[in-house]
Amino acid sequence: MMSEDMKRLAAERAVADVTSGMKLGIGTGSTAEHFVRALGARVREGLQVIGVPTSERTRALAEAEGIPLTTLEETPALDLTVDGADEIDPALSLIKGGGGAHLREKIVAAASTRMIVIADSSKCVETLGKFPLPIEVVPFGLGATRIAIGKVFADLGLSGDLRMRGGAEHPFVTDGGHYILDAHLGAIPDPQALAAALVAVPGVVEHGLFIGLAAKAYVAGPDGVFEMTARA
Ligand SMILES: O=C[C@H](O)[C@H](O)[C@H](O)COP(=O)(O)O
């Protein structure tokens, strides 16, 4: 089975959990796009939902699919967020933000009673960190912020480099107008400690570690979709 088919299967499984009247957080990325398309088909069949998109990209696709949208100002509490991930560990801690959307994704997931992750099995890892950890930073003070983040890594015994996404000449700019530094750490043995230390750095807006947010994951492998719940 092709990876794209697996992503679609996981997304369709999550759509089956959506019931009429739900307020949804709608994720970003290639897997979440399958979810948006499958949800759009159900909406056209009469399913009544309202959604908050986690990126401008998702907003455009959801609008094209005819999914009614709202904002967290109008609808601050959501029932369910469905989103992809770049890495998933056995505790259902995640790395997200490979597409640069993790700030809005985290706000939306935190405003939801439940988060379901959808992914193909290549995203499952024992230890997070092979995928570069996205750290969203404000453009002001970038040099100082980089040094402060480097100190966090050193304090936690982590090594690896911090690369400006898009390069210094053409930096990637997020929906929030910020930059992204990708931390190539190889392994993150204590995601909780790193998460706490990173949010304490002035200039860091949000990082891509999602801890304690996901309730379950639908992961599609060559033999079909399996359900993962957090292993403590
Ligand atoms: O910023 C992007 C998001 O966190 C995505 O959910 C994540 O990168 C996974 O994307 P994909 O489903 O395309 O692998």
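A nonpolar core is a set of buried Ala, Val, Leu, Ile, Met, Phe, Trp, Tyr and Cys residues joined through C-beta atoms within 7 Å. A residue counts as buried if 20 or more other C-beta atoms lie within 10 Å of its own, as exposed if 12 or fewer do, and as partly exposed in between, with C-beta atoms placed from the backbone. The structure is a predicted model, in which local features need pLDDT of at least 70 and side-chain atom pairs count only at pLDDT 80 or more, while totals for chains, interfaces and linings use all residues. Residues are numbered from 1 along each chain as its sequence is written.

The largest nonpolar core has 54 residues, and those with the most contacts inside it are Ala-10, Ile-116, Val-117, Ile-118, Ile-135 and Ala-217. Strand β6 (residues 112–120) gives the most to this core, with 5 residues. Helices (H or I, at least four residues) and strands (E, at least two) are DSSP runs, numbered from the N terminus. At least three residues of the core come from each of domain 1 (3–125 + 211–223) and domain 2 (133–205). In soluble globular proteins, nonpolar side chains tend to be buried together.

Val-117 touches Asp-83, Ala-85, Ile-88, Leu-94, Ala-214 and Ala-217, not counting residues up to four places away in sequence. Contact here requires C-beta atoms, placed from the backbone, within 7 Å. Val-117 in β6 is also the bridge partner of Asp-83. Strands β3 and β6 pair in the parallel sense over 5 bridges, where pairing requires that DSSP finds at least two bridges between two strands. Strand β3 (residues 78–83) is mostly covered, with 5 of its 6 residues buried. Strand β1 (residues 23–26) is joined to β3 by 3 bridges, and the two run parallel. Gly-25 has Thr-81 in β3 as its bridge partner.

A further 3 strands form an open sheet in the order β4-β5-β11, with antiparallel pairing. Because β4 (87–88) and β11 (209–210) stand at the edges, each with a single partner strand, one side of each is left without a neighbour in the sheet. Strand β5 (residues 94–95) is joined to β11 by 2 bridges, and Leu-94 has Phe-210 in β11 as its bridge partner.

The domain bounds come from an automatic or database domain assignment. The C-alpha centres of domain 1 and domain 2 lie 25 Å apart. Their contact takes 12 residues from domain 1 and 12 residues from domain 2. Helix α4 (residues 102–110) gives the most to the side of domain 1 that touches domain 2, with 3 residues. Of the residues of α4, 7 of 9 are buried, among them His-102, Leu-103 and Arg-104.

Around the ligand there are 18 residues, of which Gly-29, Thr-31, Gly-84, Gly-98 and Gly-99 come nearest. A residue is near a molecule or strand if its C-beta atom, placed from the backbone, lies within 6 Å of it. The elements that give two or more residues to this shell are α2 (30–44) and α4, and α2 gives the most, with 3 residues. By class, the shell has 3 nonpolar, 11 polar and 4 charged residues. Ala, Val, Leu, Ile, Met, Phe, Trp, Tyr, Cys and Pro count as nonpolar, Asp, Glu, Lys and Arg as charged, and the others, Gly among them, as polar.

Conventions. Two residues are in contact if their C-beta atoms, placed from the backbone, lie within 7 Å.
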